[in-house]
There are 2 protein chains.
Amino acid sequence: MSEKIRGGRSRRELKNGAGEVLRSPCPVACALDILGDRWTLLVIRDLLLGRSRFKDFAASPEGIPSNILSERLGRLLRHGLAEQVPAEDGTMRLGYRLTEKGRALGPVLRTLRDWGLKWEPSTEARMK
Amino acid sequence: MSEKIRGGRSRRELKNGAGEVLRSPCPVACALDILGDRWTLLVIRDLLLGRSRFKDFAASPEGIPSNILSERLGRLLRHGLAEQVPAEDGTMRLGYRLTEKGRALGPVLRTLRDWGLKWEPSTEARMK
DNA sequence: CAAATTACTTGCAAAAAACAAGTAAAATGA
DNA sequence: TCATTTTACTTGTTTTTTGCAAGTAATTTG
């Protein structure tokens, strides 16, 4: 249950909300264990824009591969950033929706967007 | 110089500041092309905390592998987020320092940190 | 000047991502 | 109603990235 680290001290092995081992107690490192890849924050961007269906995410201009999208949606569910809900169009299909924890990433997405707009040429925003 | 996309329309192939092809004109996608992995933002965190030497980044508790650190520092230089400067301790060694473009990621790191602190248990901040 | 430190590079195995194709359930249309 | 299409994935394969272990050359320290 405890692990030796350099010097002979021991520490409790830290876990995140999904029970995975953390690299460190740093909140940035912990956030990146969930969000740190080229696709996850784009799916969250789409969810913040009101998109909710697999096909909607797949239709975004970046062209996420379907197996990656599938894996990322599962990860968002596991970590409690999103949940599944019946689609609003009266069909039997399911959609995805951000939880409060997921919606709380709004400020992160907005600061990232603002940075991109200011510092990378030829980008343009569609998010408020 | 132009590329066919679905429907026969063509578009200019977009590039970022380092001349790499963009997945889309979205500023978030463009930012993630540079920052979207498990390590880059941790190096920027360390730079924002005032660390400047290879060994300082390598000593962070997350334990970044040295070849990954090397590659990421090169990427930060290529994209103009960091620059090399003589170390302040009078030795012949070089250190790294954020440029204005790199320092402009401060708000992104702070919102990420705040999200981690609020939503992931057992994390604690060392960044102001 | 010998030993240690620093800042990397190289080689390799494992994991993840990309690409292509397939599938089963649900929806649509004739 | 029943064949066709769409949706939401899964499976298999190739390519790329990651992580670890070691090595190395240029400093720096004792």
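**Note on the predicted two-chain model**

1. A search of the whole structure, which is a predicted model, finds two aromatic pairs over all chains. In the pair formed by A:Phe57 and A:Tyr96, the ring centres are 6.4 Å apart and the planes stand at 55°, so the pair is tilted; planes would have to be over 60 degrees apart to count as edge-to-face.

2. On confidence, chain A has a mean pLDDT of 86, with 89% of its residues at 70 or more. Within chain A, the highest mean, 97, is found in helix H5 (residues 100-103) of chain A, whereas the lowest, 38, falls in strand E1 (residues 2-4) of chain A. Over residues 1-11 of chain A the pLDDT stays under 50, and for this stretch the model has nine contacts beyond four places in sequence.

3. As to the relation of the chains, chain A is superposed on chain B by a rotation of 180° with 0.0 Å of shift along the axis, at an RMSD of 0.0 Å. The two copies are thus related as by a two-fold rotation axis. The C-alpha of chain A nearest to this axis is that of A:Asp37, which lies 2.1 Å from it. Both copies use the same surface, in that 100% of the contact residues of chain A recur in chain B.

4. Between the chains, helix H6 (residues 106-119) of chain A and helix H6 (residues 106-119) of chain B have axes that come within 9 Å and cross at roughly 170°, and H6(A) is therefore roughly antiparallel to H6(B). H6(A) contributes A:Pro107, A:Val108, A:Thr111 and A:Leu112 to the contact, and H6(B) contributes B:Pro107, B:Val108, B:Thr111 and B:Leu112. By class, the residues of this contact are six nonpolar, two polar and no charged.

5. Within chain B, helix H2 (residues 40-48) of chain B packs against helix H4 (residues 66-78) of chain B at an angle of about 70°, the axes being 10 Å apart. Because angles of 65 to 115 degrees count as roughly perpendicular, H2(B) and H4(B) are described as roughly perpendicular to each other. From H2(B), the residues B:Thr40, B:Val43, B:Ile44 and B:Leu47 meet B:Leu69, B:Arg72, B:Leu73, B:Arg75 and B:Leu76 of H4(B). The contact of H2(B) with H4(B) comprises six nonpolar, one polar and two charged residues.

Note on methods. Residues are numbered from 1 along each chain as its sequence is written. Chains are lettered from A and ligands numbered from 1 in the order in which they are written. This is a predicted model: local features need pLDDT of at least 70, side-chain atom pairs count only at pLDDT 80 or more; totals for chains, interfaces and linings use all residues. Side-chain values use heavy atoms; hydrogens and water are left out. pLDDT is the predictor's confidence in each residue, from 0 to 100. Helices (H or I, at least four residues) and strands (E, at least two) are DSSP runs, numbered from the N terminus. Contact means heavy atoms within 4.5 Å. Axes are lines fitted to C-alpha atoms, for helices over the stretch in contact, and angles run from 0 to 180 degrees between N-to-C directions. Angles under 35 degrees count as roughly parallel, over 145 as roughly antiparallel, 65 to 115 as roughly perpendicular and the rest as oblique. Ala, Val, Leu, Ile, Met, Phe, Trp, Tyr, Cys and Pro count as nonpolar, Asp, Glu, Lys and Arg as charged, and the others, Gly among them, as polar. Copies are superposed by least squares on the C-alpha atoms of residues with pLDDT of at least 70 in both. Rings of Phe, Tyr and Trp (its six-membered ring) pair if their centres lie within 6.5 Å; planes under 30 degrees apart count as stacked, over 60 as edge-to-face and the rest as tilted.
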